Amino acid sequence: MQRKTKTIAIANQKGGVGKTTTVVNLAAALSARKRAVLVVDLDPQAHATLGLGLEKRQGTSLYRVLTGEKPVEDVIEPTKWNNLNVIPSEVDLAGAELEFGAREDRLSMVRDALAPVKESGAFDYIILDCPPSLGIVMTSSLAASDGILIPIQAEFLAMDGLALITGSIKRIQESVNPSLELNGIIFTMVNRQARLTQDVMEEVRNHFGDKVYETIIPRNVRVSEAPSMGTPVVFLDSSSKGAESYKAFAWEFMAKNPTRFDAPASAPASAPGTAGQEPQPAGQSVPEEPRNQSETENDKENT
Ligand SMILES: Nc1ncnc2c1ncn2[C@@H]1O[C@H](COP(=O)(O)OP(=O)(O)OP(=O)(O)O)[C@@H](O)[C@H]1O
Ligand SMILES: [Mg+2]
């Protein structure tokens, strides 16, 4: 059994589109499915750090690894939940844009900093929470990633924002990271009743096809309450609409991004660990993959 770590940056230069919420809840839902996950909080706002129940403490972020003061292993912290770890953010990272802007290795610095973790195979997924700008931190995060996942809101000018970010992806592919892929686009904070929402979703789907995840994350008050309790909504209120949709999204994400049970070519078809199949631990059944949220389902904001 060979573990291939996938590094996914969750990014959009636009602020407040649900990047951090998606990082926290995708990571939580994956960890609940026994995937080993490392969240790397690269936004000095440190919302992912706080949302996962950790505090901001100076000297504990990737900054000290980028400056060469600490090995990356020293900044990985466990959370309260199994399989869910984090490299937190704190105020030092706020200086990174200016401070590292002139470094010759500025584009590869995040990749180099995370290389030992990736090579160790300790994690299935490394998920990067990027700040809302097209600056050096986001660019070097994309340079460090196998894929970029873009959360967007289905609203006016959504396509313009996507054009900007796909332009950045192209430039990074042409320069520092030819293997960067558009992992996908996920609609967040959706109010399906709004006519404009339907039109925008259709336009984005027509343009990006199967790069758009089927799962849609509805606007849901429990999702917005969870960060203040330092607990992902998928753990805080796992039957709320928001949690259900993030869990469905994690299923879809895992199916599109298998990492763990990639069998060696010589493995017999019936052996445990056959490609794409998850061996079930004794006494524990894995539930059927939930269907995606139906378009006709009524979104209740308060459940
Ligand atoms: N599905 C949802 N339903 C209701 N509120 C949500 C949902 N998703 C996110 N929010 C809220 O919207 C706000 C912005 O979300 P979030 O912080 O995830 O966005 P972001 O893109 O990371 O922002 P920034 O660009 O500042 O980093 C937060 O207050 C969050 O709690
Ligand atoms: Mg954020």
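Which helix holds Leu 142? The views below come from a predicted model, and the first one gives the answer.

**View 1. Leu 142 sits in helix α6.**
Helix α6 covers residues 136-143, and Leu 142 is found in it. Leu 142 has 27 C-beta neighbours inside 10 Å, so this residue counts as buried. Setting aside residues up to four places away in sequence, Leu 142 touches Ala 9, Ala 11, Ile 148, Ile 169, Ile 172, Asn 177 and Leu 180. Look also for Arg 111. Along the chain, Arg 111 and Leu 142 are 31 residues apart, and 8.8 Å separates their C-alpha atoms.

**View 2. Ile 127 belongs to the largest nonpolar core.**
In soluble globular proteins, nonpolar side chains tend to be buried together. Here the largest nonpolar core has 80 residues. Five of them touch the most other members: Leu 26, Ala 27, Val 37, Val 39 and Ile 127. Now follow Ile 127. Leaving out neighbours within four places in sequence, Ile 127 contacts Ile 8, Ile 10, Val 23, Leu 26, Ala 27, Val 37 and Val 39. In the chain as a whole, 45% of the 303 residues count as buried.

**View 3. Ligand 1 has a shell of 20 residues.**
Gly 15, Lys 19, Thr 20, Thr 21 and Pro 132 come nearest to ligand 1. Which of them gives the most? α1 does, with three residues. By class, the shell around ligand 1 has eleven polar, six nonpolar and three charged residues.

**View 4. Helices α7 and α8 meet at roughly 30°.**
Two packed helices are described by the angle between their axes and the distance between the axes. For α7 (residues 158-174) and α8 (residues 195-208), the axes come within 10 Å and cross at roughly 30°. The two helices are therefore roughly parallel to each other. From α7, the contact uses Ala 158, Met 159 and Leu 162. From α8, Val 200, Glu 203 and Val 204 take part. Five of these residues are nonpolar, one is charged and none is polar.

**View 5. Helices α1 and α11 cross at roughly 70°.**
Is α1 parallel or perpendicular to α11? The axes of α1 and α11 (residues 241-256) come within 9 Å and cross at roughly 70°. That makes α1 roughly perpendicular to α11. On the α1 side, the contact is made by Asn 25, Leu 26, Ala 29 and Leu 30. On the α11 side, Tyr 246, Lys 247, Phe 249, Ala 250, Phe 253 and Met 254 make it. This contact has eight nonpolar residues, one polar and one charged.

Most residues other than glycine have a negative phi, and most peptide bonds are trans. Lys 34 is not a glycine, yet its phi is positive, about 70°. Find Lys 34 in the loop between α1 and β2 (37-41). Lys 34 has 14 C-beta neighbours inside 10 Å, so this residue counts as partly exposed. Met 189 also has a positive phi, near 50°. Met 189 lies in strand β7. With 22 C-beta neighbours inside 10 Å, Met 189 counts as buried.

Definitions and conventions:
Residues numbered from 1 in each chain as written. Chains lettered and ligands numbered in written order. Near = placed C-beta within 6 Å. Helix = DSSP H or I, 4+ residues; strand = E, 2+ residues; numbered from the N terminus. Nonpolar A, V, L, I, M, F, W, Y, C, P; charged D, E, K, R; others polar. Axes fitted to C-alpha atoms, helices over the stretch in contact; angles between N-to-C directions. Parallel < 35°, antiparallel > 145°, perpendicular 65-115°, else oblique. Contact = placed C-beta atoms within 7 Å. Core = buried A, V, L, I, M, F, W, Y, C linked by C-beta atoms within 7 Å. Buried ≥ 20, exposed ≤ 12 C-beta atoms within 10 Å, placed from the backbone.
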